[in-house]
Amino acid sequence: MNPQQQFCPNMACPERGKVGNGNIVSHSRKEQRYKCKTCGKTFSETKGTALYGIKKDSDLFVWVVTLLAFGCPTQAIVQAFGLDERTVQSWQRKAGEQCQQVHEQVIGQAQLDLQQVQADEIKVKTQMGVVWMALAIMVHTRLWLGGVVGPRRDKAMLQQLADQLRNIALCRTLLLAVDGWRAYVDVLRKAFRTPLQDGSLGRPRLIAWADVHIVQVVKQRSTGQLTIERRIVQGCAAAINALLCRTQGRGIINTAYIERLNATFRQRMGCLSRRTRHLARQQPTLQAGMYLVGTVYNFCTYHHSLRLKLWLTERTYRWVHRTPIMAAGLSDHRWNVHELMTFKVVPAPYVAPKRRGRKPKSVSQGSFA
């Protein structure tokens, strides 16, 4: 137990989220509990992680979550480990919530030069009807930037995805590649704007980002033949070709990288397969599975196309493998699933509530003394 590496998780504590302030002490080594001297609350070492409240062995939880993240069916896990099906489903939801918090902390708050982003949506059949899942990927690092699950394929779903991209992206030259859905163009144009503060009253004027290029890949199938049309909706061809060479080496306007990511999600989530009897039951379960698969893909999985050649001598070399999160410069090592499940997300700093109403009589009388 190391109290210097812990922080108080109490949301009402003024020292919440602060590490190394000396307010955390050991309370019980047998039960692995700490105590905050500021608020007097005690908390478990696993508080704020996916292992909190797990009655089984932590290694068993990590094994089950790892199998779920790589597409192992729930019934196979139930038969192999002798667990109840409801237990496996609850563990998947806990792991998905943990992965969502880690994703929002590490990637959602990062500022990256995205260069090229591809986005697409997947139609998902559930027991309650059809829902949609929208995903986005950073091409040259293969980093999954985020996703949205919605009941309808509309602008509201795309707006949530565009807001995630807007929060991550730096105001640099950017190429956005999408399919032929017209709603993409309107949503992306409105998302990548910055308010101009000129000191006047009222809502500030929104200025569109410079050097934001939007392209579409329109696929149509008629009489057994597939035709592909590549449109430049916004931007110039020379700048788009330069971005394509910088991010993918060569090639033409395409959405191949997001389609490969869709195939990875379909492989690891049985409910995303085109013809399957494994239907998702609830939308929150689908969202938890999306974050579990996507975060394990970003943090814990080496990507073959991201490896680098390290020369040891003039004739010998070895390959240095990298994960998408390493290629983006947000981590210096590959995370394991246990590290992902035990990562504690730091809460927002404490803000004292504003006092409303009249001042106490003692304060008012003292001011006239």
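This is a predicted model: local features need pLDDT of at least 70, side-chain atom pairs count only at pLDDT 80 or more; totals for chains, interfaces and linings use all residues.
**Exercise 1. Decide how the rings of Trp181 and Tyr184 are arranged, and whether Phe61 is buried or exposed.**

Solution. The ring centres of Trp181 and Tyr184 are 5.8 Å apart, and because their planes stand at 85°, this pair is edge-to-face. For the second part, the cut-off is that buried means under 20% relative accessible area. Phe61, at 0% relative accessibility, therefore counts as buried, and Trp91 at 5% counts as buried. The cut-off also settles the residues of the other pair, since Trp181 has 16% and counts as buried, while Tyr184 has 3% and counts as buried.

**Exercise 2. Describe the order of the strands in the open sheet, and explain why one side of strand 1 and of strand 3 is left without a neighbour.**

Solution. The open sheet has 3 strands in the order 1-2-3, and their pairing is antiparallel. Strand 1 (24–28) and strand 3 (42–44) stand at the edges and have a single partner strand each, which is why one side of each has no neighbour in the sheet. Neighbouring strands of this sheet are turned against each other by 40° on average, direction ignored. Looking at one pairing in detail, strand 2 (residues 33–36) meets strand 3 in the antiparallel sense over 3 bridges, and Arg33 stands opposite Ser44 in strand 3.

**Exercise 3. Determine which helix gives the most residues to the lining of the largest pocket, and how that lining divides by class.**

Solution. The largest pocket has a volume of about 650 Å³, and 27 residues line it, with Thr74, Gln92, His278, Leu279 and Thr285 nearest its centre. Two or more lining residues come from each of helix 2 (74–81), helix 3 (85–106), helix 7 (256–268) and helix 8 (283–299). Helix 8 gives the most, with 5 residues. By class, the lining holds 10 nonpolar, 12 polar and 5 charged residues.

Conventions. Residues are numbered from 1 along each chain as its sequence is written. Side-chain values use heavy atoms; hydrogens and water are left out. Two strands pair if DSSP finds at least two bridges between them. Helices (H or I, at least four residues) and strands (E, at least two) are DSSP runs, numbered from the N terminus. Axes are lines fitted to C-alpha atoms, for helices over the stretch in contact, and angles run from 0 to 180 degrees between N-to-C directions. On a 1 Å grid over the protein atoms alone, a cavity is a set of points where a 1.4 Å probe fits but cannot get out, and a pocket is an open set with protein on both sides within 12 Å along at least five of seven lines; lining residues have an atom within 4 Å of a point. Grid points are joined across faces, edges and corners, and a volume is the space filled by probe spheres set on the points. Ala, Val, Leu, Ile, Met, Phe, Trp, Tyr, Cys and Pro count as nonpolar, Asp, Glu, Lys and Arg as charged, and the others, Gly among them, as polar. Buried means under 20% relative accessible area, exposed over 50%, partly exposed in between (1.4 Å probe, protein chains only). Rings of Phe, Tyr and Trp (its six-membered ring) pair if their centres lie within 6.5 Å; planes under 30 degrees apart count as stacked, over 60 as edge-to-face and the rest as tilted.
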